[in-house]
Every structure is written in C-alpha cells, then in structure tokens.
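Hello,

Here is the structure I promised to pass on. My notes follow below it.

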Amino acid sequence: MSGQSNGSSKDLTALKSNVDVVVVGAGFAGLYMLHRLRCMGLCVQVIEAGSDVGGTWFWNRYPGARCDVESMEYSYSFSEDLQQEWNWTERYATQPEILKYINHVADRFDLRRDVLFNTRVSSALFDEATSRWTVSTQSGEVIKTQFCVMATGCLSAAKPPEIIGRDLFKGASYHTGLWPHEPVDFTGKTVGVIGTGSSGIQTIPEVAKQAGHLFVFQRTPTFSLPAGNRALKHTEVQEIKQNYVDLRQRARVSPTGVASYPLPTLSALEATLQEREVAYEFRWQAGGTAYTRTYKDIMLVAESNETAADFARRKIQSRVSDPVLAEKLTPRDIHIGTKRLCLDTQYFETFNRDNVSLVDIRSTPIQEITEVGVKTSDAEYKLDALIFATGFDAMTGAILNIDIRTTSGLSLAEKWRSGPLTYLGLMTAGFPNLFMVTGPGSPSVLSNVVVSIEQHVEWISDCIQHLTKNSCTQIEATQTAENNWVAHVNQLANATLFMNANSWYLGANVPGKPRVFMPYVGGVGRYREECTAIANNGYTGFQISGSTKT
Ligand code: FAD
Ligand code: NAP
C-alpha cells in the first residue's frame, strides 16, 4: 500500500536518553504536552513515528480531507497571541491548512528540537524498584524516564479491511489514513473505494471529479449532512477573535466542546410534527453535527431519534435523482448519530454522475480482492486503483501496539483483554506514572477533540507539577477508583442509543475486539468538573507515593 513508510533517515540530535517525561506522538496532543512541560522546566523527549508534526493531519492527506468542527473552534486556545494571529480561511479547514497551522505552532513555540521523528515506540517497561519507565523504539533507541505520556491518538492506527486477497491487488492501493505525501492523480482511471464513513464520504466526491469511473463499495449507508462549508469573511473572523476568550470558555464547559452548538431543553416528542420540521430544517441548513442536538433526547430515546432520522432520510433521498439508488444510499436500520454523523460536500449528489456506480455489498458481498480488482458475489470489478476508507482500530489500537508492562509481569494488553479499563481515561491501575491523553473512558472522540486534549494536557502537567513540588516520585490510579469510573462510564453509555450500533465506538469494526463502549458520554463540561474536583481534593482515587504524601 502506498504512503505508509516514513523510513527516511532520522535526526538523532533530538534524542535524550534520560528525561523527566517521554511523550509518544506529535499531533495536537503531543505538541501541547511538550510545550506545557517545557514551560515547567522539565526535560522532555517526544517520539513520533511520522517524519514531521501533525498526527491525524500529517497522515490523512486524502483528497477532500477537512475537519467537521468549525475551524475557529477546532484549534488551540492556550495562547491568546496564537489565536489572534492565525487566520482560518474556511468554515471547515482543509487538511493542508490544518497541517500548516500545526507546523506554525511547532515553529512558533520552537517545539521540533525535542521531537525524534521517524521513530516508532515499541515497548515501555515500568521498573517498580526505581519508579521509572524504560521506553524502547523499533529502531533500537532506549530512553529512561520518570513519566510517560501516551499522546498516540484515538484515530491513528489505520485499519485495512480483512478481505481475502487484500494484498494481491496489483494496481495502486491506498488507505485514507496513510495517504502518500505526493499528490495522487486518478485522471481517467477506474477507481474503487471501499468504505462510506467520514473518510469515504469526503474522498468520493473528489475522486469522482477525476476518475474515468468510480465504483463505491458500500456496506452500510451513511447518515450525512451537507457541511455548508464556505470561505470565512474577514469581519466574522474579527468578531469571533474579539470574543475568543468567552467563546473558548463556553466550549470548555459545554457538553461537546463546541461553544456554537445548542443546549436543547425540549424532547423531540414534546414538539408537534410541524415544529419538528421547522427545527430540523433550521439545523440542516445551518450545517454541522449539531443536528442531533436539535432536541435533548435524540441520542436517548428511539422514538425521538426516529423523528430526526426520518427527516434526514427524506433529505438524502431528495439529493439523489434515481429513486432506486437513493433508497440504497438511505440508512434504514440504524439510529442516526450512533455511528459518527458525517458532514459532506456533494456526497450524495456525486451518485448522480454518469461515471459513479454504487456497489451494494450488503446484497452482493465482496468475496475477495484479486490481482485486478474486487470480486463480489455477482461480478468482478476491474480497477486501476483501490482506496480503503475503512477506518481505524480506534481508541485502543495505537496504545496496544506498544508492549506496555511492569517488572512484576503485568501487561496492559492482558489487562485490557476484555476492553479498556481506566480511571478518568487518564491512567490505568497497575501502571504508575503512565498517562494517556484522550484515553478510553474520557469524552475524547465524542467532543471537539482539541478542547479535550487541552483539558487533559493541563490536568496531566498540573499533576506532574504537584508531584514535583511535593517531591513525590509516583502516582497510580487505585483499583477501586478505576472500577467505579468504569462502572460510571458504562452506566451512562447503557442509557443511550449508542449501544445499539455496530460502531467503532464499540470496537465493532475490528474482528475479535471486545464490544465495549469506549468514550465517556457524560459531556466535556461535566467531565472537566469531575477531573478538577479530583485534583483539588488532593487527587482522590490516586495513590501518590515516594515522599511527603502517601
Ligand atoms: P493524533 O493526531 O492521532 O497523533 C498521534 C500521533 O502519535 C501520530 O502522529 C502517530 O504517528 C503517533 N504515534 C502513535 N503511536 C506511536 C508509536 N508507537 N510511536 C511513535 N509515534 C506514535 N476531531 C475533531 O474534534 N474534529 C474534527 O473535525 C476531526 N476530524 C478528523 C478527521 C480525520 C480524517 C481523522 C482521522 C480524525 C479527525 N478528528 C477530528 C480526530 C483527530 O484525531 C483529533 O481531533 C486530533 O487531531 C487528535 O490529536 P492527537 O494528537 O491526540 O492524536
Ligand atoms: P469509519 O467511520 O470506521 O468508516 C469505515 C467504513 O469502511 C465504513 O463504511 C465501513 O462499513 C467500511 N468498512 C470497514 N471494513 C469493511 C470491510 N471489510 N468491507 C467493507 N466495508 C468495510 O472510518 P473513517 O471513515 O475513517 O472515520 C473514522 C473516524 O475518523 C470518524 O468517525 C471521525 O471521527 C473521524 N473522521 C472525521 C472526519 C471529518 O469529517 N472531520 C473525516 C474522516 C474521519 P460498515 O459501516 O458497514 O462497518
């Protein structure tokens, strides 16, 4: 598959062998973590598998890639100067623009000198006698550290589909999450795309503009809304900038980490049919994933959800000329929002083009990938190029790709065999001094992730500062606190409709992965309050040791 390797030579000047903190990953999370810890005077080593900064936005270079939280909110808030000086040009920024922004941040705060690029962490071993971690890389570097922060990303372990013959295909193949750095030209080619989630629906309209013919292999139809993307006006940017401090604060205490999303108080069932039509139309025209926040119980009550789903289905059908095709593209057996709601630009309209065909692989399943294309139960599609838009081993994939153990023999992979277990999504019992940014059990992927990243980074750096100030060497989540948190996360999730879908939130896209709802559904604001109270109360539920406090 193209685009996967980053095996170019590495600059070892960045490597330090004995540090206070190792941070794994140089996306939004790893870079801010480095900045905060460095400001505290700590010695930090960041290790990144890619050849540069950016994380998600470094790897996902597929055509059409852009954010689906508005740019003015999907950005760091920690520096007033930074947010005033940067100018977003579109309502939803493109991948190149977001990557340019992250590069600007890395330059502005001089972050690259502490990042070792082209280096993949393979293991981390906690020595219980010294309270220190030994972090090892695939290429043989070994670094000793007191604290280890996994800023490895929730959606960074690309998942190719488990289809017979996947590697036999002799044409060009790509995974959206491992896209090549050089532009790919599909002009005149016969192209296949497998997958119609957020990545697929962004890729398909762009590839269709170039391809001679595009075959879209769809297993599950997707609920998607027109993003309503547009250029940002100078005046509106200035207005937001004037009120940025207030907007960012509202985002931090909101349920989703997005200040501009509504806070509904009404049930969908309290409104009349006519009122609902007006409300859904308003949200539809506004664009954005806030559609499922039109009423307070859309994600809780099947009957309420159905009102939103029904409206969305009618909208989808109005975008596709051929009614038979429209029906195939319409999701029927899933509650809207229980798989991540997508935002698109001309996705459904793309199927009105003569050079685009939908292959419904629910009725005619893919049997194998051959040297020349994709074979379904009723045809073989000969292709020049094949794009896998098949998603990620989400939330746990990147962390569990690292062999994390303690000298007493505890392994994280074994501990999480039946699903991830954490306290606050920040730490896991039995693994002292190991932090996770946006780990399972935190709002993470159900929020504006940059807001959640900032909250975690600030909590972790404050915690390390607290330990340092009190000359403590070790912090660990207690088993009781973890058990209670896991029960709380499950209890909240069980009350929602999320539990009914075969989504990546539940690990359902990875064969054999335990079916556990991984993110925290209680909301960003409520979660932040809990984390803050725990820290203010002297880190309740954590065992701190090594010196003055036990
Ligand atoms: P990442 O950006 O994933 O960075 C993690 C880094 O860790 C990667 O660079 C990876 O190479 C590195 N790494 C992992 N394992 C290792 C290892 N063993 N050794 C060395 N390095 C390692 N969220 C939103 O809120 N809004 C959006 O609009 C949005 N759009 C998205 C679009 C796409 C295409 C995708 C895939 C995700 C999107 N997300 C969005 C989620 C997005 O992942 C987060 O918003 C955010 O970018 C995550 O930052 P991060 O630093 O936590 O992780
Ligand atoms: P995804 O949502 O998991 O979608 C994967 C798609 O591939 C699904 O349509 C899935 O079908 C299909 N698929 C997987 N395995 C298959 C197989 N063996 N055979 C046939 N089809 C298969 O992955 P994604 O689109 O990469 O998105 C992941 C997440 O990243 C999103 O939910 C979002 O959080 C984030 N993201 C955001 C944006 C954005 O707009 N900002 C863009 C891209 C990604 P089934 O549904 O039937 O399993």
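Predicted model: local features only at pLDDT ≥ 70, side-chain atom pairs only at ≥ 80, totals over all residues.

At 53% relative accessibility, Asn494 counts as exposed (exposed is over 50% relative accessible area, buried under 20%, partly exposed in between; 1.4 Å probe, protein chains only). Asn494 sits in helix 14, residues 479-494. Helices here are DSSP runs of H or I with at least four residues, numbered from the N terminus.

Residues are numbered from 1 along each chain as its sequence is written, and side-chain values use heavy atoms, without hydrogens or water.

Ser461 belongs to helix 13, residues 449-469. Its relative accessible area is 0%, so Ser461 is buried. Neighbours within four places in sequence aside, Ser461 is in contact with Met33, Arg36, Leu37 and Met40 (contact means heavy atoms within 4.5 Å).

Now the helix pair. The axes of helix 7 (residues 244-253) and helix 15 (residues 524-536) come within 6 Å and cross at roughly 80°. Helix 7 is therefore roughly perpendicular to helix 15 (65 to 115 degrees counts as roughly perpendicular). Axes are lines fitted to C-alpha atoms over the stretch in contact, and angles run from 0 to 180 degrees between N-to-C directions. Helix 7 contributes Ala251, Arg252 and Val253 to the contact; helix 15 contributes Val524, Gly525 and Arg528.

Best wishes

How values were computed: Chains lettered and ligands numbered in written order. Helix = DSSP H or I, 4+ residues; strand = E, 2+ residues; numbered from the N terminus. Parallel < 35°, antiparallel > 145°, perpendicular 65-115°, else oblique.
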